[in-house]
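This report describes the fold and the charged side-chain pairs of one protein model. Please read it alongside the sequence and coordinates shown below.

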Amino acid sequence: MAQQGQEQEQADRRRTEKRRVEAEQTLRSTLQGPTRHEADVLQWAVDDARAADVGRSAPELLREGDRALQIARAREAQEAASQQVQEAVNNPEPNSRQLREAISQGEFTGLNHNQLVEARRKLQDVEARERTTRLQEEAEGQERRRVEGERDLYRRQMQAASQGMDGDRLHHAVQRARAAGVDEYECQEAENHAKAMNFIQRSMGVGKGPVFKAWREKSADRATARKALEKDIQEGAAAEDVVRKVKLARDAGLEDSALMRGADIAMKRRRAHDETVCALKTRNPSDLFRAQDTNKKAGGPKADRELLLRAVGNCTEEEEMHKSLAEGLPFAVDEYHRQEAERRDTDAHKIAGTRAKDKEWQQESAQMKGRVERAWDWLRGQALSEAAAPVSTTLVKSAPSGSKILQVESDHGFDRGMRVLVGAGTSREERHVVTGFGSLLVERPLQFGHERGEKILEDKRNHDPASQSTIQHAVTPSTRPPQTKGPGTGSAPLRPPPETFSGPPPHQSPRNRPPQGGGWPPSGPPPSGYPPTGYPGYPPHASYPPLPSHP
């Protein structure tokens, strides 16, 4: 045992020395080769040499590698800063913040004055342009506030004249408000008020109070509907909300131009919402950007805008992750191959244990195979029950005679070409063939009218040979997997059954359960009601359990 321990220790020392020599040679070749300026390659070589304890045998070499790594990192930082400065300078829509950040980064990484002079000159131009733009915006804002103040003053004058029931005064106020640029709709409403008051004053024996009150209430309803519609448009409401406000405005008597504008915006937002839903499903960056542009042009919906921003951010993160993975994958693969070769060298003495584990795995595999066989026996029993049970549904809407469309509760389990009984169990029962869905489409027009709640049942009395062969395959040994139909899933292959069939599966449905008190297979003639070939899953000319009635 002591000798074996010494041999193992010597083998470990040899492996360590071999590992150190390989790491030292790799670092030397990296420092002398064309990759000495690549920081990632140098970082990997220096880390590998430090892990192999190269610093004990060649400390100068390790220090040289650290210096070369620092120089490569600084060079890469300078290149990145220079590229950032060039992008900021060449940007067709430059801004002062981007230029300041690029210049600061260049100064930090050590770029010289000549490399930054163009960026500094452009920064001065951009700051002067932004300063001029800001002053113009402030002047325009002041002028806009002055004009709005005048308009508000004339609006208040019109309201005061309207409440004072003075038609002439209201007429003059409307002229001043129109000259100041007040909305034409408001001016037109005020003129209508003035005309109404003049008419009331000229009318003899007519009380002007109730008439004017009704007129003012109607005008207030229109103004409220207009404000609600404009609020939904400005705040980026959904298309359904805009359509609802358009209907309310139409009821309030709003002009057609405003109604058409609201309907057009609702249609654009509905289209933008549909594009957003499709883009969120595909997760394609181009689709997301297109949906974002459509949402911006339509002015909403505002909720979709936040979802698109989050999805675009996630796509950007995934692209960056894939890019970094593609860059670092070659080095990771090389490191994996090296570690795998080392593992194979060190694990040579474990071959005997590996063989024992292989034998254990084979035993577990055999046990798993047995469990799978039993599971497929159970699936065979399920196939029998599904093949025997008829598919059924009910009408949710009355179907008149001559119609080919049946509105049903569910089309689950029905297939094209399936024979069905419409109105099963009633005096108007009739046979049809399913040709399509939505809900159910039949081949021939209905001969009778059928009420809501009547049954639609699969016609099990007239199976084609293909379906009978499917049922027989579920219980008969075969070398190829039988095809059985699951509800609504189409054909799905089953694993071949075992070589022998000793009886029914352990999980039989009530339709396929053998008779109580009898053996397997049953014997005797089939009762009335069963097909001539026998009940599915039983040998022909045998005694059968009672046939259950349809639900």
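How many helices and strands are there in the protein chain? The protein chain has 15 helices and 8 strands, where helices (H or I, at least four residues) and strands (E, at least two) are DSSP runs numbered from the N terminus.

## Basis of the model

This is a predicted model, in which local features need pLDDT of at least 70 and side-chain atom pairs count only at pLDDT 80 or more, while totals for chains, interfaces and linings use all residues. Residues are numbered from 1 along each chain as its sequence is written, and side-chain values use heavy atoms, with hydrogens and water left out.

## Overall features

The protein chain comprises 551 residues, of which 30% count as buried; buried means under 20% relative accessible area, exposed over 50%, and partly exposed in between (1.4 Å probe, protein chains only). Its accessible surface comes to about 35,600 Å², and carbon and sulfur atoms account for 52% of that area. These areas come from the Shrake-Rupley method with a 1.4 Å probe, and for residues only the protein chains shown count as cover.

Among contacts in the protein chain with a separation of 6 or more, 56% are between residues 24 or more positions apart. A contact here means heavy atoms within 4.5 Å.

Side chains of opposite charge can pair when their charged atoms come close. The structure holds 25 salt bridges, each being a side-chain nitrogen of Lys or Arg within 4 Å of a carboxyl oxygen of Asp or Glu.

Two of these pairs lie in helix α1, which spans residues 2-32. Glu9 and Arg13 form a salt bridge whose closest N and O atoms are 3.1 Å apart; the two residues are separated by 4 residues, about one turn of the helix. Glu9 is partly exposed at 45% relative accessible area, and Arg13 is likewise partly exposed at 47%. Asp12 and Arg15 meet in a salt bridge with an N to O distance of 2.0 Å, and they are 3 residues apart, about one turn of the helix. Asp12 has a relative accessible area of 32% and is partly exposed, as is Arg15 at 31%.

Lys245 forms a salt bridge with Asp232, with the closest N and O atoms 3.1 Å apart. Lys245 lies in helix α10 (residues 239-251) and Asp232 in helix α9 (residues 208-234), so the pair ties together parts that are 13 residues apart in sequence. Asp232 counts as buried, at 11% relative accessibility.
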